[in-house]
Amino acid sequence: MDEVEVSTVVYVPPEEIYDFLLDFPGYARYSEYLDHVEQDGDGTPGTTYDLVFSWWKLSYTARSEVTDVSPPTEIDWRLVKDIDAQGHWRVEPDPDDAPADVDTASRVRLRITFDPDSASSNAVDLPRLVSMDWVIEKVKPLIRKEATRIVERVVKDLEGRERDVDLRIHTGPDSV
């Protein structure tokens, strides 16, 4: 299994962040490539989300399912089609990272574990003469750029002001 973890500090209490994370369909307004999210359920375990992505000439719908929640600190999920993947959102108080003019700080983490060998070859309908390896190499640099853009927009909405964010991306078994 491969792992990736993305984290940042937000200057609001964990409860506000948790409530924001439960509004999964709202994520589409932050992403250039996530067209929309369809939700079936109320955010509790068993809720499914269809995430409709598009880039270049490609489109893909990922389906995830909430597997467990522990308000206000954790939302566990898994993908239910095309690839063996699961992960969680974790929100933890982080007073050490709060600047002097801020009352509270929380670290938000998105951790994903996945088996790249489990990916369905039929998941994406590629144009003729386009290989999946080519697509992956083109998408890799977009992922960090898109993640940074999304986190900056989310932080702005949560905190009510724009600022540079420190987005930490970790890969491999030491990403916890």
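This note goes through the predicted model from its overall layout to single residues.

1. Basis. The model is predicted, so local features are taken only at pLDDT of at least 70 and side-chain atom pairs only at pLDDT 80 or more, while totals for chains, interfaces and linings use all residues. Residues are numbered from 1 along each chain as its sequence is written, and side-chain values use heavy atoms, with hydrogens and water left out.

2. Layout. The chain holds 2 helices and 8 strands. Both kinds of element are DSSP runs numbered from the N terminus (helices: H or I, at least four residues; strands: E, at least two). Read from the N terminus, the order is β-α-β-β-β-β-β-β-α-β. Of the 176 residues, 39% are buried, meaning under 20% relative accessible area with a 1.4 Å probe and protein chains only; exposed is over 50%, and partly exposed lies in between. Among contacts with a separation of 6 or more, 52% are between residues 24 or more positions apart; a contact means heavy atoms within 4.5 Å.

3. The sheet. The 8 strands form an open, antiparallel sheet in the order E2-E3-E4-E5-E6-E7-E1-E8. E2 and E8 (168-171) are the edge strands, each pairing on one side only. On average, neighbouring strands are turned by 20° against each other, direction ignored. Two strands count as paired if DSSP finds at least two bridges between them. Angles here run from 0 to 180 degrees between N-to-C directions, with axes fitted to C-alpha atoms, for helices over the stretch in contact.

4. The E2 side. Strand E2 (residues 34-40) is joined to E3 (residues 48-55) by 6 bridges in the antiparallel sense, and Val-37 has Leu-51 of E3 as its bridge partner. E3 in turn pairs with E4 (residues 58-70) over 8 bridges, again antiparallel; Thr-48 is opposite Glu-65 of E4. E3 and E4 make a hairpin with 2 residues between them, and Trp-56 in the turn has a positive phi of about 55°.

5. E6 and E7 run antiparallel and are joined by 10 bridges, with Gly-87 partnered by Ile-112 in E7. E7 also pairs with E1 over 9 bridges, antiparallel, and there Ser-7 faces Arg-109 of E7. E7 is mostly covered, as 7 of its 10 residues are buried.

6. Glu-3 belongs to E1 (residues 2-10) and Arg-111 to E7. Glu-3 is buried at 17% relative accessible area, and Arg-111 is buried at 16%.

7. Helix H1. H1 (residues 14-22) lies across E1, E3, E4, E5 (74-79), E6 (84-93) and E7 (106-115), and runs at about 150° to E6. Its buried residues are Pro-14, Ile-17, Tyr-18, Phe-20 and Leu-21. Viewed down the axis of H1, these fall within an arc of 160°, so they line one face of the helix; the arc is that of the directions from the helix axis to the C-beta atoms.

8. Phe-20. This residue of H1 is buried, with a relative accessible area of 15%. Beyond neighbours within four places in sequence, Phe-20 is in contact with Tyr-27, Arg-29, Tyr-30, Val-154 and Leu-158. Phe-20 and Asp-157 are 137 residues apart in sequence, yet 9.8 Å apart in space, C-alpha to C-alpha.

9. The core. The largest nonpolar core has 30 residues, with Ile-17, Leu-21 and Trp-89 making the most contacts inside it. Helix H2 (residues 132-159) gives the most to this core, 5 residues. A nonpolar core is a set of buried Ala, Val, Leu, Ile, Met, Phe, Trp, Tyr and Cys residues joined through side-chain atoms within 4.5 Å. Not counting residues up to four places away in sequence, Trp-89 touches residues including Leu-21, Phe-24, Tyr-27, Trp-77 and Val-108. In soluble globular proteins, nonpolar side chains tend to be buried together.
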